[in-house]
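Please look over the sequence and the structure shown here before reading on. The report that follows takes up the parts of the structure one after another.

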Amino acid sequence: MVRLNGVAIQGYGGYVPRYRIRAEEIGRLWGREKQELPIEEKAVAGLDEDSVTMAVEAARIAVKRAGIDPKKIGAIHVGSESKPYAVKPTGTIVAEAIGAGQNILAADLEFACKAGTEAIQLITGLVESGRIEYGLAIGTDTAQGRPGDALEYTAASGAAALLIGRLTDDAVASIEAWSSYVTDTPDFWRREHENYPSHAARFTGQPAYFRHVLGSINELLSDEGYSTKDIDYFVFHQPNVKFPLAVAKALKLEREKISSGLISGFLGNPYSATSLLGLVKILDGAKPGDVILLASFGSGAGSDAYIIRVLDGIEEKRDRAPKLKDFIERKIYIDYASYARFRGKLRLR
Amino acid sequence: MGKVYVAGVGLTKIGEHWDRGLEQLMVEAALKALEDAGLSHVNSIYVGNMAGEFLQEQAHLGAIIAEDLGMVGTPAYRVEAANASGAAAIHAGALEIASGKADAVLVVGGEKLSDGLIEEVSSALLMGERQEYEGFIGADFYSINALLYKLYMKRYGVKDDVIAVFPMLSHRHAKGVAHAQYPFEVSLEKILSSPYISEPLRRFEISGVGDGAAAIVLIGEELKSKVKAPKTELYISSATDFTTPFEREDPLRFQSLDVAVNKVLDEAGVDRKDVDLIEIHDATSIMAAISLESSGFAEPGESGKLAMNGEFDLSGRLPYNTFGGLKARGNPFGATGVYQVAELHLQLTGRAGKNQVDSPKVGMAQSLGGVGATAIVTLLKAI
């Protein structure tokens, strides 16, 4: 476990596109019965959206909530596995779009679904060392799932951004500690030039998701660290509805400590953004003094876990920008045909 | 022919053993069985395994297991008969003892299905059917079972509940069993509301995908007095049938099983009514019903009603799948036949724990390859 010193979330933002497809509609096409479906519905990016536009939306909300001049941002790290360009950074597009300066560090990260929380590690390091005043950590994905594959029911679109700076009186929350747990575990991958990821089915459960998520969390909960009693909210990566609940069961957590951060049942799994959107949802309702444990998971495999303590600044900053609830409730249902068109599943040549 | 005795058994828990290989599972079971028998070496080793060449790309398991057990030099072979591979290995081992060529044989059945994706495991299962006739048109193991299921309901004018009762029974008996993959109860309602695999066959009516290994030690007359471990007397018989049920005179009758059961009862000098407990090859619910009826333990179309009346409960007339059978204990293809016989041995030597049947004298295990194309029936007598 690494303890952080004087680093805080100054602003945060979540973005979810307006389109939804019901799992039942996907199941209709592939012959799956309702009780087999892993979630209710998922968010789908529209024709004019991609992981960059969504990152920009989330970043704008985070900056607005922080109330800072975007020129003070010294670094933008974007985690994604669905970059529209194989070669051309997303961070630079986000920087220009939100009005950040040119003398900044902009770099993209990839680690399956945990690239967003990796960005937090880099930004907090730069802030803590004094090299930058503010930095943006973003997780964004228009997640891919092969048509007919189990992943297609959950792979969703969304983005979340944290604006991180020095700990001040008006900060939203302090980031107190982090731990990471990584191994070479090939449970899910996408090779160059492939449109959809491959996965090793149930191998992604116990040896991958559960081992790594519990690995990073247990490091924070070790003898010198935190107790589950000290923590008010838990949010984990959510590839489906069952997995985070199973982690909660393994940690013997009360249901109310985990329910606030659950999003996959109605938004799906927007990969790098998933655990961060769960965090955004918790921050939208948390009160000063609340302690949050965030644990991501990225296939391949690894998990980053953070302890975040909510501060007084949340009360004033929360209402400066749209909350996740606004995006969750704003929805238009589409059928599989529209979904196929929006997500580029129709290949015309 | 000399007599054959079971002198030791060893089981691994069935589950998803992500951190262990096929050979490691088989070695664990083999060492447990040798320890149970109090023996350190044997004359021969027979390995039961169905899908190793496909899922692990590993053949030649006989020599590999001999080496891993520190028994280099011992003759060792792999025996394959689809899902009945484990029972076929027992058959081969028992014949060597009976012939007098060996006095101690180790039989190990093992399978590691989690090394393959579900599509690959389905392909492996399909290898037990005739590819040119069934596989190439997409008629897999479960769709053939679904056709039998429909035919069964139509012919006997019954609903699915009298067929789905068998997985419920297996789960009830697996509850709390240490080596079982699914050691918990499942209600009939839950089984009948689970999704279809191939209508009318539902997900909770088929055995799951699991890894596991089981081993038994067989000995002959000469060693019998020297080995102190509890022993049972073993009889085994086998028969085959047309590969697809729809080539047979009656698809709802496993003729191979009928022949093998009668042969083994005859050789053991046992009446059908004297069988105290039975292990049925419930790879699917409908195979359980057809097996009980084909082998004369229930009238055609009546097995489900008997089950519902408690006849196959642990305290019933003929306790059935006393550790959960293929459905709930688990079905690691090539190991399954060995699990069945090992479990009978535990029952007949009074070591079945909370699942112990009251003073059984005779137990029968039925192992099937494919949808009954191979039937291997083992009968154990208490000594």
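Into which domains is chain B divided? Chain B is divided into domain 1 (4–117 + 211–233) and domain 2 (137–204 + 236–382), where the bounds come from an automatic or database domain assignment.

## About the model

This is a predicted model, in which local features need pLDDT of at least 70 and side-chain atom pairs count only at pLDDT 80 or more, while totals for chains, interfaces and linings use all residues. Residues are numbered from 1 along each chain as its sequence is written, and chains are lettered from A and ligands numbered from 1 in the order in which they are written.

## The two domains of chain B

The centres of domain 1 and domain 2 of chain B, taken over C-alpha atoms, are separated by 23 Å. To their contact, domain 1 of chain B brings 36 residues and domain 2 of chain B brings 33 residues; two residues are in contact if their C-beta atoms, placed from the backbone, lie within 7 Å.

On the side of domain 1 of chain B that touches domain 2 of chain B, at least two residues come from each of β1, α4, β4, β7 and β8 of chain B. Helices (H or I, at least four residues) and strands (E, at least two) are DSSP runs, numbered from the N terminus. The element that gives the most to this side is α4(B), with seven residues. By class, this side of domain 1 of chain B has 20 nonpolar, 12 polar and four charged residues, where Ala, Val, Leu, Ile, Met, Phe, Trp, Tyr, Cys and Pro count as nonpolar, Asp, Glu, Lys and Arg as charged, and the others, Gly among them, as polar.

## The nine-stranded sheet of chain B

Chain B holds an open sheet of nine strands with mixed pairing, in the order β3-β2-β4-β7-β1-β8-β11-β10-β9; two strands pair if DSSP finds at least two bridges between them. At the edges stand β3 (76–79) and β9 (277–279) of chain B, each of which pairs on one side only. On average, and with direction ignored, neighbouring strands of this sheet are turned by 25° against each other, the axes being lines fitted to C-alpha atoms, for helices over the stretch in contact, and the angles running from 0 to 180 degrees between N-to-C directions.

Strands of a sheet pair through backbone hydrogen bonds, either parallel or antiparallel. Strand β8 (residues 232–240) and strand β11 (residues 374–382) of chain B run antiparallel and are joined by nine bridges, and within this pair B:Ser237 has B:Val377 of β11(B) as its bridge partner. Helix α10 (residues 255–268) of chain B lies across β8, β10 and β11 of chain B and runs at about 150° to β8(B).

## The nonpolar cores

In soluble globular proteins, nonpolar side chains tend to be buried together. A nonpolar core is here a set of buried Ala, Val, Leu, Ile, Met, Phe, Trp, Tyr and Cys residues joined through C-beta atoms within 7 Å. The largest nonpolar core has 125 residues, and B:Ala215, B:Ile216 and B:Leu218 have the most contacts inside it. Domain 1 and domain 2 of chain B each give at least three residues to this core. A second, separate core has 110 residues, among them A:Ile9, A:Ile132, A:Ala156 and A:Phe236.

Chain A has an open sheet of three strands in the order β4-β3-β15, with mixed pairing, and its edge strands are β4 (41–44) and β15 (332–333) of chain A. Strand β3 (residues 19–22) of chain A pairs with β4(A) in the antiparallel sense over four bridges, with A:Arg20 standing opposite A:Ala43.

A:Asp108 lies in strand β6 (residues 105–109) of chain A. Why does A:Asp108 count as buried? A:Asp108 is buried because 22 other C-beta atoms lie within 10 Å; a residue is buried if 20 or more other C-beta atoms, placed from the backbone, lie within 10 Å of its own, exposed if 12 or fewer, and partly exposed in between. A:Ile217, in helix α5 (residues 205–220) of chain A, counts as buried because it has 26 C-beta neighbours inside 10 Å. Leaving aside residues up to four places away in sequence, A:Ile217 touches A:Leu293, A:Ala295 and A:Ala305.
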